[in-house]
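Open your viewer and keep the selection tool ready. We will stop at a few places, one after another.

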Amino acid sequence: MIHDVKWDGRLKSRFMAGGHITKTPTDSVYSGVVSIQGIRIVTFLSELNGLKLWSTDVGNAYLESVTEEKVCFIAGPEFGKLEGHTMVIHKAQYGLRSSGKRCHEKLHDILKDMGFTPSKSEEDIWMRPKGDHYEYIAVYVDDLMIASKEPEAIIEALTGKHKLKLKGTGPTEFHLGCDYFRDDDGTLCVG
């Protein structure tokens, strides 16, 4: 069990798998993230095209995907009447070597299903044509930045059809450690 204090003071606890004691996978477990330059490009495109800029966080993102590793453990006292039972991990879990890749693949499958395609210059910037403009989603693990005239429709598809649990959803005020605000002239500022 790992305990953490989030940037806004919230406390978080999560079960961690002991992936360090599992065999090293023979296939690649790499999963990319959008670069800071990619975030700046999406922000610029949003301002240039009069799009709304929203952010959201996929809650318990790793648990949205299924692991390919075969991992089990003996339940401790925190599992109550199941203590002593052999537990098999089915969902990707923090701490497993391949969980990041499985989560990355799951999110990519969802975005493809929604009609988005990855940018040729940066794989974790997704875009789709929407009449006279494009919509964009920049992916950084479980943090999404959405540039769209109707971000609510994208959020609805993610939570409705694809059953993702999103949190912190709305106009971008804080994303990846940066504050987003408008000055007195209405110019978008990032600090």
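Start by selecting Glu105 and Arg102: their side chains meet in a salt bridge (3.0 Å, N to O). A salt bridge here is a side-chain nitrogen of Lys or Arg within 4 Å of a carboxyl oxygen of Asp or Glu. Side chains of opposite charge can pair when their charged atoms come close.

This is a predicted model; local features need pLDDT of at least 70, side-chain atom pairs count only at pLDDT 80 or more, and totals for chains, interfaces and linings use all residues. Residues are numbered from 1 along each chain as its sequence is written, and side-chain values use heavy atoms, without hydrogens and water.

Now show helix 2 (residues 99-113). Both Glu105 and Arg102 lie in it, 3 residues apart, about one turn of the helix. Helices (H or I, at least four residues) and strands (E, at least two) are DSSP runs, numbered from the N terminus.

Buried or exposed? Buried means under 20% relative accessible area, exposed over 50%, partly exposed in between (1.4 Å probe, protein chains only). Arg102 counts as buried, at 6%. Glu105 is partly exposed, at 31%.

Next, select Glu135 and Arg128. Their side chains form a salt bridge too (2.6 Å, N to O). Glu135 is buried at 2%. Arg128 is buried at 15%.

Move on to Lys149 and Asp132, a salt bridge with its closest N and O atoms 3.7 Å apart. Lys149 sits in the loop between strand 9 (143-148) and helix 3 (151-159), and Asp132 in the loop between strand 7 (125-130) and strand 8 (133-140), so the pair ties together parts 17 residues apart in sequence. Asp132 is exposed, at 67%.
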